[in-house]
Amino acid sequence: MSSLTTICFQKLLAASSPSPLKSLIAATPRSLYSSRPAPLTLRSFSFSATSSTMGDVAVDSAMDAVQRRLMFEDECILVDENDRVVGHDNKYNCHLMEKIEAENLLHRAFSVFLFNSKNELLLQQRSATKVTFPLVWTNTCCSHPLYRESELIEENALGARNAAQRKLLDELGIPAEDVPVDQFIPLGRMLYKAPSDGKWGEHELDYLLFIVRDVSVHPNPDEVADVKYVNKDELKELLRKADAGEEGLKLSPWFRLVVDNFLFKWWDHVEKGTLKEAADMKTIHKLA
């Protein structure tokens, strides 16, 4: 390219507001061009690990902008089935069923069950723009500790508790002072795999966190379509409707696993004020 042509191209680029090239650069997730090295003691996973990823980005261009940003910027913690950290990868790769199946990708997650002073459980309906399990009803908040110092702390599940406080604010607008980190009670861990559709799914080692607090709730519409408090009988009615296929009501698979295996006996402890007696963080429950 001649120097005159180069100068003309640069002027054209500077005058464009915004240019297609600038828009492409602005829309490119940081993880595409990040040069931050992964710790040498861990398996290193990168955005370029899958040759079809660039094609996937084009196919997923209709994905909600907020969800797309989170998919590529958030780095999940990869673990083995004994919950030992083995690496990290972005949310996009961690939720692709083809990678889950081919590489047995397993990441840490947490599920918050928040009760008010009436012993009612706060549920949320996931937004329609969520990539996995849109519009399903689930427990109060479900997300992932990220690959960052504050959320990698394993002692007393502090990393998961820090992440839970962060996401309760992000998703439900619950201020941090309403949900102090030391008020979360880790009750157990479960490992499960569940497809969302033909492309997406979950393979998680999930920390189950309970908390009893009266909170201020201001749902983020990018994350949450609806919320409601339920008592035991109202939850049982939701289960009946979901099983019967009434009103198109669906429950998330991880919530249903907790309901079927733990929730009602733990709810008894909520009512008695004896939640800590139910805790078992040594066992990893492998559930279908």
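1. Let's start with a definition: the expected span of a helix is 1.5 Å times one less than its number of residues. Helices (H or I, at least four residues) and strands (E, at least two) are DSSP runs, numbered from the N terminus. Helix 9 covers residues 232–244, and its 13 residues should span 18 Å at 1.5 Å a residue; the C-alpha atoms at its ends are 18 Å apart, which agrees.

2. A word on what you are looking at: this is a predicted model, where local features need pLDDT of at least 70, side-chain atom pairs count only at pLDDT 80 or more, and totals for chains, interfaces and linings use all residues. Residues are numbered from 1 along each chain as its sequence is written, and side-chain values use heavy atoms, with hydrogens and water left out.

3. Which residues of helix 9 are buried? Lys232, Leu235, Leu238, Leu239, Lys241 and Ala242 are, where buried means under 20% relative accessible area, exposed over 50% and partly exposed in between (1.4 Å probe, protein chains only). The buried residues of this helix pack against strand 5 (121–126), strand 10 (224–230) and helix 10 (253–272).

4. Now look at the two ends of helix 9. At its start, a side-chain oxygen of Asn231 comes to within 3.1 Å of the backbone nitrogen of Asp233. Just after the helix, Gly245 has a positive phi of about 70°.

5. Glu223 sits in the loop between strand 9 (201–212) and strand 10. Is Glu223 buried or exposed? Glu223 is buried, with a relative accessible area of 3%. Its side chain is joined to that of Lys130 by a polar contact of 2.6 Å; such a contact is a pair of N or O atoms within 3.5 Å, and within protein one must be able to donate a hydrogen and the other to accept it, while residues adjacent in sequence count only if both atoms are side-chain atoms.

6. A nonpolar core is a set of buried Ala, Val, Leu, Ile, Met, Phe, Trp, Tyr and Cys residues joined through side-chain atoms within 4.5 Å. The largest one here has 35 residues, and Leu121, Phe210, Leu235, Phe255 and Leu263 have the most contacts inside it. Helix 10 gives the most to this core, with 10 residues.

7. Not counting residues up to four places away in sequence, Leu121 touches, among others, Phe113, Tyr229, Phe255, Leu263 and Trp267, where contact means heavy atoms within 4.5 Å.
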